[in-house]
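Q: Please take a close look at one part of this model with me. Then carry on to other spots that deserve a check.

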Amino acid sequence: MQQFIRIVLAAAGCLIGWFTLVSPTSAIANTHLVHPGDSIQATVDAASPGDTIVVETGTYRESVKIQTDGLTLRAQGSVILKPRDHGDGQCYLPGHVAGFCVVPADFDPSVGSYTRRVRDVTITGFRIVGFDDGVFGFGTENLKVSRVMAMNNKDYGVASFDGIRTRFTRNATSGSQDAGIYVGDSVEANAVVTNNRSWDNALGILIRHTHKVVVSHNKVWGNCLGVFLLSDIEAGGSGQMTVQHNRVRANNNVCPAFEGFLPDLGGGGIVLAGSQHDIIFHNVVTDNRGNTLFSGGIVLITNTLPNPDGSFDVSKDNLVALNALSGNEPADIVTDAASTPNVFVRNRCDSSIPDGLCSF
């Protein structure tokens with residue numbers, strides 16, 4: 001017993017020492033209030049690493065660029081962010097405007113280059129309406145976006161490019177002509193997309209050219225495709241994703257010749273196109289119906305984009321287990337002939353192409 005007490009006391013001493021070491025950093029962090037009529041951008045520019053910016057209820061017409069580590073931007077009450085009436089090209093690219101963009105200090109958008117990631121930025125509670133992108137992150141580490149409503153933004157609702165350890169949680173995205181939620185272009189993303197709602201976009205959730213992403217407990221409906229795991233012509237492919245405990249239903253819109261490089265999209269629930277080594281587990285996938293290459297409940301197919309050497313990535317070495325599927329057409333589970341081997345275990349469904357992939 002005394003030995004146990006000595007261990008506890010020693011651990012407590014270590015904790016006290018640690019808090020002593022970190023307390024100076026927290027002591028110098030400040031909270032800034034942004035009142036209606038004030039500039040969010042001016043407050044961001046004046047803030048120091050670790051500061052919190054609280055934006056009070058109101059409508060703000062600006063595009064906000066964040067390049068400082070450790071900033072937290074939090075909406076207090078109903079805060080709506082809209083573009084300026086005359087346009088604003090400061091955030092992201094001229095002619096393409098984001099509500100919030102989180103990018104490195106030396107980010108060169110013409111080639112996507114930078115020398116150091118921007119770290120530990122948090123954005124929470126805003127309603128972002130009418131931009132090209134709602135939230136755009138590039139070259140980030142530990143970007144957290146939560147409780148954001150991204151409505152009717154032209155391309156992406158909430159998006160992370162070349163980010164690591166991104167967390168998108170409890171957001172609502174609708175009305176985007178590309179993806180409501182996007183994570184991509186990161187070989188080791190280690191990202192989490194959880195407890196979001198995404199509807200009436202071209203793609204509900206798009207995970208593209210990346211590895212190690214958990215997509216869980218999301219509700220996705222009314223898009224052309226619900227959850228889309230896409231490999232494309234980039235080196236390294238896409239895979240090692242876990243898609244679990246999502247509800248994916250009635251993604252039956254049609255997106256013709258999507259983006260000019262994919263064929264028609266529509267009627268797909270959870271779709272893997274060339275993605276490998278994924279786990280598709282315990283999802284409820286219902287009423288996704290269409291007649292495109294991507295249609296069906298859970299779909300595993302070869303990517304339609306050729307690699308530079310002329311080869312195509314197939315969806316293989318995936319585990320599809322314990323999913324509940326019904327009402328999907330042309331079938332609850334669909335695979336093409338090239339997408340093998342994959343493992344299907346105890347999926348509750350009525351139909352599959354080829355036959356035999358349903359356990360109940």
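In which strand does Asp185 lie?

A: This is a predicted model. Asp185 lies in strand E17, which covers residues 179–186. Look at its backbone: phi is about 60°, a positive value, although Asp185 is not a glycine. Now its cover. Asp185 has a relative accessible area of 24%. Buried means under 20% and exposed means over 50%, so Asp185 counts as partly exposed.

Compare Asp162. Its phi is also positive, near 50°, and Asp162 is not a glycine either. Asp162 sits in the loop between E14 and strand E15 (167–169). Its relative accessibility is 18%, so Asp162 counts as buried.

E14 leads on to the largest pocket. Strands E14 (156–161), E20 (203–210) and E23 (225–230) each supply at least two residues of its lining. E20 gives the most, with three residues. The pocket's volume is about 170 Å³. Of the 14 lining residues, Tyr156, Asp178, Arg208, Glu259 and Phe261 are the closest to the centre. By class, the lining has ten nonpolar, four charged and no polar residues.

Next, the surface. Ile279, Leu319, Val343 and Val345 form a nonpolar patch there, with about 270 Å² of accessible area together. Leu319 belongs to strand E32 (residues 319–321). Leu319 is partly exposed, at 32% relative accessible area.

Last, two cis peptide bonds. One joins Thr340 and Pro341, with omega about 0°. Pro341 lies in the loop between strand E34 (333–335) and strand E35 (343–345). Another runs from Ile353 to Pro354, with omega near -5°. Pro354 lies in the segment after strand E36 (352–353).

Key: Residues numbered from 1 in each chain as written. Predicted model: local features only at pLDDT ≥ 70, side-chain atom pairs only at ≥ 80, totals over all residues. Heavy atoms only, no water. 1 Å grid on protein atoms, 1.4 Å probe; cavity = no way out; pocket = protein on both sides within 12 Å on 5 of 7 lines; lining within 4 Å. Points joined across faces, edges and corners; volume = space filled by probe spheres on them. Helix = DSSP H or I, 4+ residues; strand = E, 2+ residues; numbered from the N terminus. Nonpolar A, V, L, I, M, F, W, Y, C, P; charged D, E, K, R; others polar. Patch = residues over 30% accessible without salt bridge, like charges linked within 9 Å, V, L, I, M, F, W, Y side chains within 5 Å. Areas by Shrake-Rupley, 256 points an atom, 1.4 Å probe, with all protein chains shown as cover. Salt bridge = Lys/Arg side-chain N within 4 Å of Asp/Glu carboxyl O. Buried < 20%, exposed > 50% of the residue type's maximum accessible area, 1.4 Å probe, protein only.
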